[in-house]
Amino acid sequence: MSLDLTFITIGLLFLLGLVADEVGRRTLLPRVTLLLACGVLVGRSGFDLLPIEMEIWYEFFSILALTMVAFLLGGIFEPATLRRHGREIMVISIAIVVTTLVVVSGGLWLIGVAPALALLLGAIATATAPAAVQDVLRQHGRGGSFAVKIKGIVAIDDAWGIIAFSIALVLAAMLTGRTEDDLWLHAVRDLGGGIALGAAIGVPAAFLTGRLRKGEPMQTEALGIVFLTAGTALWLEVSFLVAGITAGAIIVNLARHHDHAFHEIEHIQWPFMILFFILAGASLEIGRLMELGMIGLAFIGLRIASRILGGWVGAGLGHSPGRERPWFGVALMPQAGVAIGMALVAANHFPEMAGTILALTIGTTVVFELLGPPATLMALRRNQH
């Protein structure tokens, strides 16, 4: 794509995002849903106004934006938060992931889906959209214990989801009569490598940032950490989400001389998020919804039910206040890039199931990305105290 067209396209996307942002501020609609809807209108499912080369930019902006989100979410694991809500966050996040895996897999198997395929789809259903949830939290603008817990849960539940998905890959291979040692290697590398990379970047960053200007990390430092984390994770083929969360958690716990690294990311994050959400909407294929059929409708219904049930059970086990218990699962409905990433991995390992896995995941992502953020916003408003 020519340089002039690149500048014009990105400039128009920023202005479109500004309009969606202002509408979101003046209405009850989440900005994420509005930005995704704008993307659908200008993308392949709408008027197809975007140059085809912008699909290359989507991968860049998605990785960059999600690494920023992961870094910020890792910052929620500061000592004070862990003391107050650490047990609740861990119990609820595990309960939601396990319940989603069991209910979705079991439900699909009961309606006749092959066990291996049902297991893979159940594992994909555990993924959340951290960027969508985090932006709704920012738009809501109110704190409170419920919002803090949601931040913590969304920060950790994709790590549990990656573990569940990795196990599901191995079990699905066994169910189809195959044994593939590289699946275990992939699981260990993705999660363990992400943690190791996050620690390798987070520990020195915690002590070195904020030294040039005493107690005040600069935007350049913050951007350097994000780009270094994302790029190294891609190079090593480990999870950039896990790496970002780990680095953020380590910095917030070890950097006693400042807390500004997270503020600097917050200051520069939104323009990247605008492009990410619009391009994500542009990449959605609304036509895939027509291909879902009974399996797709069952998947949507089972995932909604399992999130609500898992949140309720986990909140009970974690001794959360009664008024909050029905709403944890509702707040965690959005699903996007992480699920599609899982679907691509599953399709690569099981090409005979690739068509069903990709069509269903992409199709249901449209539903959960457009309807999930309003559900998150509703849950937050019901628990603002």
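Ile8, Leu12, Leu15 and Leu18 make a nonpolar surface patch of about 400 Å². A patch of this kind joins nonpolar side chains (Val, Leu, Ile, Met, Phe, Trp, Tyr) within 5 Å, from residues with over 30% relative accessible area and no salt bridge. A salt bridge is a side-chain nitrogen of Lys or Arg within 4 Å of a carboxyl oxygen of Asp or Glu. Areas come from the Shrake-Rupley method with a 1.4 Å probe, and for residues only the protein chains shown count as cover. The model is a predicted one, in which local features need pLDDT of at least 70 and side-chain atom pairs count only at pLDDT 80 or more, while totals for chains, interfaces and linings use all residues. Residues are numbered from 1 along each chain as its sequence is written, and side-chain values use heavy atoms, without hydrogens and water.

Leu18 lies in helix H1, residues 3-26. Helices are DSSP runs of H or I with at least four residues, strands are runs of E with at least two, and both are numbered from the N terminus. With a relative accessible area of 46%, Leu18 is partly exposed; buried means under 20%, exposed over 50%, and partly exposed in between. The buried residues of H1 include Thr6, Ile10, Leu13 and Gly17. An α-helix has 3.6 residues a turn, so residues three or four places apart point the same way. H1 has 24 residues and spans 35 Å from its first C-alpha to its last, close to the 34 Å expected at 1.5 Å a residue. The expected span is 1.5 Å times one less than the number of residues.

Now the whole chain. It has 15 helices and zero strands. Of its 385 residues, 57% count as buried. The chain exposes about 16200 Å², and carbon and sulfur atoms supply 69% of that area. Among contacts (heavy atoms within 4.5 Å) between residues at least 6 apart in sequence, 85% join residues at least 24 apart.

Asp48, with phi near 55°, sits between helix H2 (31-42) and helix H3 (54-74). Glu237, with phi near 60°, sits between helix H9 (219-236) and helix H10 (240-254). Asp48 counts as exposed at 53% relative accessibility, and Glu237 counts as exposed at 51%.

Helix H15 covers residues 354-382. Its 29 residues reach 40 Å from first C-alpha to last, close to the expected 42 Å. A kink of about 35° lies at Gly372 in H15, shortly before Pro373. The bend is the angle between axes fitted to the seven residues ending at a residue and the seven starting there.

Key. Patch = residues over 30% accessible without salt bridge, like charges linked within 9 Å, V, L, I, M, F, W, Y side chains within 5 Å. Buried < 20%, exposed > 50% of the residue type's maximum accessible area, 1.4 Å probe, protein only.
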